[in-house]
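Hi,

Here is the model I promised to pass on.

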Amino acid sequence: QVQLVESGGGLVQAGGSLRLSCVFSGRTFSSYVMGWFRQAPGMEREFVARIGWGSVDSGDSVKGRFTVSRDAAKNTVYLQMNSLKPEDTAVYYCAAGRTWSSQRNLYPYWGQGTQVTVSS
């Protein structure tokens with residue numbers, strides 16, 4: 001069974017940066033597409049970024065500010081978040097799946113989430 005553990009969230013001022021980490025275990029890391037999603041209070045969970053087999057993609061609201069990467073030696077995926085805005089405030093989730101998709105329902109495995117709060 002795949003297990004995902006996120007870390008790195010916190011409180012940051014607008015314009016600042018944070019790096020989220022997600023450690024993958026239980027299966028072969030390289031076989032999975034890794035995604036990042038976020039959910040603000042009262043909102044649906046939205047796609048942030050994904051990384052697969054040589055491909056990366058990010059949502060329009062974070063393009064040019066957030067970068068996803070993975071370290072195969074550490075079974076870890078990262079989300080580097082720069083130029084943070086108050087509207088980036090949300091719980092950020094790491095997810096794993098076998099399909100190259102931005103649709104959350106195609107990711108069967110999820111972490112517990114980490115809170116990111118951006119103050120103005």
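Below is what I found, going from the whole chain down to single residues.

First, the ground rules. This is a predicted model, so to speak of local features we ask for pLDDT of at least 70, side-chain atom pairs count only at pLDDT 80 or more, and totals for chains, interfaces and linings use all residues. Residues are numbered from 1 along each chain as its sequence is written, and side-chain values use heavy atoms, with hydrogens and water left out.

**Overall fold**

The chain has 11 strands and zero helices; both are DSSP runs numbered from the N terminus, with helices being H or I of at least four residues and strands being E of at least two. Read along the sequence, the pattern is β-β-β-β-β-β-β-β-β-β-β. The radius of gyration is 13 Å, close to the 14 Å that the globule rule gives for 120 residues, so the chain is as compact as a globular protein of that length. (That radius is taken over C-alpha atoms, and the rule is 2.2 Å times the number of residues to the power 0.38.) The C-alpha trace spans about 40 × 30 × 25 Å along its principal axes.

Buried residues make up 43% of the 120 residues. Buried means under 20% relative accessible area, exposed over 50%, and partly exposed in between, with a 1.4 Å probe and protein chains only. Taking contacts (heavy atoms within 4.5 Å) between residues at least 6 apart in sequence, 58% join residues at least 24 apart.

**The disulfide**

There is one disulfide, counted as a pair of cysteine sulfur atoms within 2.5 Å. It joins Cys-22 to Cys-94, S to S 2.1 Å. Cys-22 sits in strand β3 (residues 18-25) and Cys-94 in strand β9 (residues 90-97), so the pair ties together parts that are 72 residues apart in sequence. The link between Cys-22 and Cys-94 is left-handed, with -75° about the S-S bond. Cys-22 is buried at 0% relative accessibility, and Cys-94 is buried at 0% too.

**Salt bridges**

How many salt bridges does the structure hold? Six, where each is a side-chain nitrogen of Lys or Arg within 4 Å of a carboxyl oxygen of Asp or Glu. One of them pairs Arg-38 with Asp-88 at 2.9 Å, N to O. Arg-38 is in strand β4 (residues 33-39) and Asp-88 in the loop between β8 (76-81) and β9, so this pair ties together parts 50 residues apart in sequence. Both Arg-38 and Asp-88 are buried.

Arg-104 and Glu-44 also meet in a salt bridge, 3.3 Å from N to O. Arg-104 lies in the loop between β9 and β10 (109-110) and Glu-44 in the loop between β4 and β5 (46-51), 60 residues apart. Arg-104 is partly exposed at 37%, whereas Glu-44 is exposed at 61%.

Then there is Asp-57 with Arg-50, at 2.9 Å, N to O. Asp-57 is partly exposed at 25%, while Arg-50 is buried at 11%. Salt bridges that share partners also join Arg-38, Glu-46, Arg-65 and Asp-88 into one network.

**Thr-114**

Thr-114 is in strand β11 (residues 114-119) and is buried, at 10% relative accessible area. A polar atom of the Thr-114 side chain lies 3.2 Å from the backbone nitrogen of Gly-9. Leaving aside residues up to four places away in sequence, Thr-114 touches Glu-6, Ser-7, Gly-8, Gly-9, Leu-20, Ala-90, Val-91 and Tyr-92.

Cheers

Key
A polar contact is a pair of N or O atoms within 3.5 Å; within protein, one must be able to donate a hydrogen and the other to accept it, and residues adjacent in sequence count only if both atoms are side-chain atoms.
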